[in-house]
Amino acid sequence: STQSTWGHFLSVYFFFDSAMRILLLLLAVVVYAHALEPDVNRTGAELITSKGYPLSTFKVTTDDGYILTLFRIPHGRAGMGTAARPPVVLQHGFLDSSDTWVLNLANESLAFLLADAGFDVWMSNSRGNKYSMAHVSRSPESVKFWDFSFDEMGDYDVPAVVGFVKGKTGFEKVAWVGHSQGSTQMLANLADDRTVAANLSIFIGLGPVGYIYNCKSLLIRGVADIDVDKLVHLVDPRAFLPTSELLEKLLPEICKTLPTGCDDIMALLAGYDKATLNMTRWPVYMGHFPTSVSTRDLEHWAQGVRHNEFRRYDYGVFGNLGKYGQLTPPSYNLKKIKGVQVELLYGQNDDLADTIDVERALKDIPNSVGTIYNVGHVDFVWSPTGAKTFYKRVIDLLKKVS
């Protein structure tokens, strides 16, 4: 019966919740047993300034009232120079923040490489993560604050950020480089809105996600297959994995003491290529990842797996009638994307952005170009080898359109 099924789901949920709490308490014993690499506990701003780069911080308010934080690296360590510096927006993915672009050394992190290559680098933070947990009238403690998914990021966050960067820099066009959901929100916007496309010099997706039916992520696939997202929504419709000081302090120690534990965490989320990552920096990565997202965002991804469509959030028949005026949510028609150069860089070993799904998107998007690499999903932000491979490609593409 439905009642017994939900009873089973609740039992499973609270079992794993209790097990995780016990594990965290046991592992807390080792928290102070090891000295940490300084980058583990640095803030996003400190990650930048500690490497000798200049930094400015800005707040951007979207049309629906969310207050986003942008970090700007206006130039490299060599100074401003006299040449114009084209603006580039770097947009992080699901469960992530702008920290992801500066977690490696200066000659390995995309934000630093771009600044040293002559670009004006802007790192945006999606609504609801640790840097953008603010609204003009809604409290993060309220359910209403968390009532969003990547739909609203595409509808509101993308145009707000692009417009703000244009206004601050005086450039007519802005480049957008998005990883994972950072590409999803741009694809969603471009499929529905012509105004942002006219303001872009290029859109580059790293590990891009639109269609997600073939994903092998144990988290997303598991959530979708047994409807765990619906259970999570019933338990707490606000934030999925809210930012926790305990997690931020404990995960680096877990990685240092039990490296296979961090391997399991990343394998659960998205997959990665161990051969291309600097495994000694796992504590650094886990000191800044994951951060909070909305429960509705998680639900939205699960819906994409179940329905094999890239479409708006499904509120159910009656909710859809009220929201969209139709029984099912409207699909994002990628064939309508026009007026902007689209380059998708994807990985052969990516469990989240599966090659079948990315290549389906490439077929849909007019004149888009895809380049495949022998890497996993998080390699696109954390691999120290990226400077010689996919980051080189990114910089070459940006220089061509500048």
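In this report a residue is called buried if its relative accessible area is under 20%, exposed if over 50%, and partly exposed in between, with a 1.4 Å probe and protein chains only. Helices (H or I, at least four residues) and strands (E, at least two) are DSSP runs, numbered from the N terminus.

The model is predicted, so local features need pLDDT of at least 70 and side-chain atom pairs count only at pLDDT 80 or more, whereas totals for chains, interfaces and linings use all residues. Residues are numbered from 1 along each chain as its sequence is written, and side-chain values use heavy atoms, with hydrogens and water left out.

**The chain as a whole**

The protein chain holds 15 helices and 10 strands, and 55% of its 402 residues are buried. Accessible areas come from the Shrake-Rupley method with a 1.4 Å probe, and for residues only the protein chains shown count as cover; the chain exposes about 16,500 Å², of which carbon and sulfur atoms supply 57%. Contact means heavy atoms within 4.5 Å, and among contacts between residues at least 6 apart in sequence, 76% join residues at least 24 apart.

Helix H11 (295–307) is mostly covered, with 11 of its 13 residues buried, including Arg-296, Asp-297, Glu-299, His-300 and Trp-301. Just after H11, Asn-308 takes a positive phi of about 55°. Helix H5 (residues 181–192) is also mostly covered, since 11 of its 12 residues are buried, among them Gln-181, Met-186, Leu-187 and Leu-190. The buried residues of H5 pack against H11, helix H4 (150–169) and the strands E3 (87–91), E5 (174–179) and E6 (200–206).

The expected span of a helix is 1.5 Å times one less than its number of residues, and the table sets this beside the distance between the end C-alpha atoms.

**Strands and their partners**

Two strands pair if DSSP finds at least two bridges between them. Strand E9 (342–347) is largely enclosed by the rest of the structure, because 6 of its 6 residues are buried. In a regular strand the side chains alternate between the two faces of the sheet. In E9, Val-342, Leu-344 and Tyr-346 point one way, while Glu-343, Leu-345 and Gly-347 point the other way.

E6 and E9 run parallel and are joined by 4 bridges, with Gly-205 opposite Leu-344. E9 also pairs in the parallel sense with strand E10 (residues 369–373), over 5 bridges, and there the bridge partner of Leu-344 is Gly-370.

Strands E1 (residues 56–61) and E2 (residues 67–73), by contrast, pair in the antiparallel sense over 6 bridges, and Val-60 stands opposite Leu-68. Their hairpin has 5 residues between the strands, and in it Gly-65 takes a positive phi near 95°.

**Around helix H12**

Leu-321 belongs to helix H12 (residues 317–324) and is partly exposed, with a relative accessible area of 39%. Pro-330, in the loop between H12 and E9, is partly exposed at 26%. Leaving aside its neighbours within four places in sequence, Pro-330 is in contact with Arg-311, Arg-312 and Tyr-324. Pro-330 and Phe-310 are 20 residues apart in sequence and 9.0 Å apart in space, C-alpha to C-alpha.
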